[in-house]
Amino acid sequence: MTRSSIRSRRFGVGLLSALFIGAGSLHFLRPQPFDSIVPSWVPDARTATLLSGAAELAGGLGLLFPATRTPASWGLILLLLAVFPANLNMAQDPEKYGLPGWALWARLPLQPLLMWWVWKNRR
C-alpha cells in the first residue's frame, strides 16, 4: 500500500467513524426525532432509540481500532439492517415529518451503500 492510499483509507475510516459517533450521540442528545420514526410494532420506541444510539456509538468507536474494526463493521451492518424499517416507516408517512416524500424514498437506497462502505472498511 502506498502512503497516499493509507492516508485515504484512514480518512475514510475516520469519516465513517465520525458519522456513526455523531448519529449515535444524537440519539441521546435529541431522542424525540428518532423515537418518532420507530415503527408502531416496536414495543418501546425510547428503548429502541437508546439501544440503536449505543450501538452506533460502539460501532463508530470500534472502527477506529484495527483490532475491533471487523466486529464493529459486522455490528454496524446488522444495525443498519435493523433500523431500515424505521427509515421505511418514515418514507411511508412523510407528512408526519414535514419532509418531502421523494427525499425520504430517495434516501432508502443510501442504506445499502452505507452498508457497502462499512464492509469495504472492515479491515
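**Salt bridge and helix crossing**

Modeller: The side chains of R46 and D35 meet in a salt bridge, at 2.6 Å from N to O. This is a predicted model: local features need pLDDT of at least 70, side-chain atom pairs count only at pLDDT 80 or more, and totals for chains, interfaces and linings use all residues. Residues are numbered from 1 along each chain as its sequence is written, and side-chain values use heavy atoms, with hydrogens and water left out.

Colleague: Why is the contact of R46 and D35 called a salt bridge?

Modeller: The term requires a side-chain nitrogen of Lys or Arg within 4 Å of a carboxyl oxygen of Asp or Glu; R46 and D35 are at 2.6 Å, so the pair qualifies. The structure holds 1 salt bridge. R46 lies in helix α3 and D35 in helix α2 (residues 31-37), 11 residues apart, which links distant parts of the chain. Helices here are DSSP runs (H or I, at least four residues), numbered from the N terminus.

Colleague: What makes D35 buried or exposed?

Modeller: Buried means under 20% relative accessible area, exposed over 50%, partly exposed in between (1.4 Å probe, protein chains only). D35 has 15%, so D35 is buried. R46 has 35%, so R46 is partly exposed.

Conventions: Helices (H or I, at least four residues) and strands (E, at least two) are DSSP runs, numbered from the N terminus.
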